[in-house]
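Take a look at the model below. This report walks through some of its side-chain contacts and then steps back to the whole chain.

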Amino acid sequence: MLVRWMYVMPKVTVPKDQLGRVNFVDRVFLITGKPHTSVNPLTGPRKRKPQREREREREMAAATTTGGGTSGEGPKIVWNQPQQRFETEDKKAYIQYALRDGGRVMDIVHTFVPPSKRGLGLASHLCVSAFRHAKTNSMSVVPTCSYVSDTFLPRNPTWNSLLYSEDLKSHM
């Protein structure tokens, strides 16, 4: 069954000096006398949680990812050497890499954060751990993963010095 919703806007008179300044929201107010709200005709108006409740949920989510601590160092990231990845303690979020050129180049191939933990900065923490590991072990990094190349590196240009390039090879 196809249902079509049609809205017919009655003619509204607006003073000539205000003619160019009237937008849709103003027209709705002029017609109905009520401020415009987006309302889904099937579910009704969307109820937004109070700001305090939203802030409390963010704090709780951040506390669970940082292990319940109040320190600002972030979540604990573990190096899983046999599987060639860095992961959170619960093993749900991880960054996968492959070693190239005899272990001198780290190719970061995939970053994954489950939907329940997105928006908390976990991917960034995983990248920082991988880049720190590469730096301490004198490795170059190839950012194959689109998150690393398109999001993390533009936001954190200090790590660009570790990127792999052909000119860094020794010609001896």
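## A polar contact

The side chains of Glu-87 and Arg-85 are joined by a polar contact of 2.7 Å. A polar contact is a pair of N or O atoms within 3.5 Å; within protein, one must be able to donate a hydrogen and the other to accept it, and residues adjacent in sequence count only if both atoms are side-chain atoms. The model is predicted: local features need pLDDT of at least 70, side-chain atom pairs count only at pLDDT 80 or more, and totals for chains, interfaces and linings use all residues. Residues are numbered from 1 along each chain as its sequence is written, and side-chain values use heavy atoms, with hydrogens and water left out.

## Around Glu-87

Glu-87 sits in strand β4. Strands (E, at least two residues) and helices (H or I, at least four) are DSSP runs, numbered from the N terminus. Is Glu-87 buried or exposed? Glu-87 counts as buried, at 2% relative accessibility. Buried means under 20% relative accessible area, exposed means over 50%, and partly exposed lies in between (1.4 Å probe, protein chains only).

Which residues does Glu-87 touch, not counting residues up to four places away in sequence? Among them are Lys-76, Ile-77, Val-78 and Leu-126. Tyr-94 is also one of them. Contact here means heavy atoms within 4.5 Å.

## Arg-85 and Gln-83

Arg-85 has another polar partner. Its side chain makes a polar contact of 3.5 Å with the side chain of Gln-83. Gln-83 is in the loop between β3 (77-80) and β4. At 45% relative accessibility, Gln-83 counts as partly exposed. The C-alpha atoms of Gln-83 and Gln-96 are separated by 8.1 Å. Along the chain, these two residues are 13 residues apart.

Arg-85 also lies over the face of Tyr-94, at 4.0 Å from the ring centre. The rule for a charge over a ring is that NZ of Lys or CZ of Arg is within 6 Å of the ring centre and within 35 degrees of the ring normal.

## Aromatic pairs

How many aromatic pairs does a search of the whole structure find? It finds five. Rings of Phe, Tyr and Trp (its six-membered ring) pair if their centres lie within 6.5 Å; planes under 30 degrees apart count as stacked, over 60 as edge-to-face and the rest as tilted. Phe-86 and Tyr-97 form a tilted pair, 5.7 Å centre to centre, with 35° between the planes. This pair links distant parts of the chain: Phe-86 is in strand β4 (residues 85-88) and Tyr-97 is in strand β5 (residues 94-100), eleven residues apart. Phe-86 is buried, with a relative accessible area of 4%. Tyr-97 is buried, with a relative accessible area of 4%.

Tyr-94 and Phe-112 form a tilted pair, 5.7 Å centre to centre, with 40° between the planes. Tyr-94 is in strand β5 and Phe-112 is in strand β6 (residues 105-112), 18 residues apart. Tyr-94 is buried, at 18% relative accessible area. Phe-112 counts as partly exposed, at 29% relative accessibility. Trp-79, Phe-86 and Tyr-97 form one aromatic cluster.

## The whole chain

The chain has four helices and seven strands. From the N terminus on, its elements run α-β-β-α-β-β-β-β-α-β-α. Of its 172 residues, 24% count as buried. Among contacts with a separation of 6 or more, 39% come from residues 24 or more positions apart.
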